[in-house]
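The tour goes from one selection to the next.

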Amino acid sequence: MQVKTKAIVLSALKYQEKSLIVKCFTASDGLKSYFVPSAFSAKKSNQKAAYFQPLSILEIEANHKNKGTLEHFKEVRLAFPYHSIPSDVVKSTIVIFLSEVLHHSIREEVQNRELFTFLETALLWLDNHEETANFHLILLLEITKFLGFYPDVSEIGLPFFELNEGVFSQFHALSCLSEHETVLFKKLIGLKFDSEQKIFAGTERQILLKILLNYYSVHLDGFKMPKSLEVLKEVFS
């Protein structure tokens, strides 16, 4: 079936000398993997490896056979060429990190237009703003709305957050955040991308990042810690 859709690149794995296997989150069909046979060749200018950088937003025309095998692009172009992300070491590190998280989190080959629109809007916001220190934390938390385990905030006044059930609790159990961690987590829940970026110190961001990744690990079977995590910590240290 011929499909024209937007797609966000989650990963690109080199295959042999000239080819790529590219995993995308598409607006039309959710998660899809594509074989790009001439990504490093001068012959096919419309399928260059440069298009498949982490979280690039593409407009694609593809042949979707929907048989569980690798699909093939017919045409590829950048929907929104990024202006600042490629040259900004902090933004590019954030994008690499988030692409890994999404690679291990989004698994459904079904349309999720709301999640796609949210990610597209968020990435364009990142590209067009300078104060982005909390961007990755806010995005990781917001994505849980679409993955089905956003915290239940109906009892947010309680002093402890329980990770397994995603609820706030009066009592501290082994699966709960400490009172200090819960205070930080509550602050994060109230943030938007345009909120004051200096609300957290660097050490507090590290604590929140650890909390969020642990939260993902609890709620997503087989979730893997991103290899780029240490690089991200270094950038924000």
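Which residues of α3 are buried? They are Phe135, His136, Leu137, Ile138, Leu139, Leu140, Leu141, Glu142, Ile143 and Thr144. Buried means under 20% relative accessible area, exposed over 50% and partly exposed in between, with a 1.4 Å probe and protein chains only. Helices (H or I, at least four residues) and strands (E, at least two) are DSSP runs, numbered from the N terminus.

The model is predicted: local features need pLDDT of at least 70, side-chain atom pairs count only at pLDDT 80 or more, and totals for chains, interfaces and linings use all residues. Residues are numbered from 1 along each chain as its sequence is written, and side-chain values use heavy atoms, with hydrogens and water left out.

**Helix α3**

Select residues 135-147, which make up helix α3. Ten of its 13 residues are buried, so the helix is mostly covered. Color α1 (89-105), α2 (113-128), α4 (179-189), α5 (202-219) and α6 (229-236): these are included in what covers the buried residues of α3.

The expected span is 1.5 Å times one less than the number of residues. Step on to glycine 148, which follows α3 and has a positive phi, near 100°.

**α1 against α3**

Show α1 and α3 together. They pack at an angle of about 20°, with their axes 11 Å apart. Axes are lines fitted to C-alpha atoms, for helices over the stretch in contact, and angles run from 0 to 180 degrees between N-to-C directions. The two helices are therefore roughly parallel to each other (angles under 35 degrees).

Show side chains next. Ile94, Phe97, Leu98, Val101, Leu102 and Ser105 in α1 meet Phe135, His136, Leu139, Leu140, Ile143 and Leu147 in α3. Contact means heavy atoms within 4.5 Å.

**Leucine 55**

Go to the loop between β3 (30-36) and β4 (57-63), where leucine 55 is placed. Its phi is near 60°, a positive value in a residue other than glycine. Most residues other than glycine have a negative phi. Leucine 55 counts as buried because its relative accessibility is 2%.

**Serine 11**

Last, select serine 11 in strand β1 (residues 2-15). At 23% relative accessibility, serine 11 counts as partly exposed. Leaving aside residues up to four places away in sequence, serine 11 touches Ile21, Val22, Lys23 and His103.

Terms used: Parallel < 35°, antiparallel > 145°, perpendicular 65-115°, else oblique.
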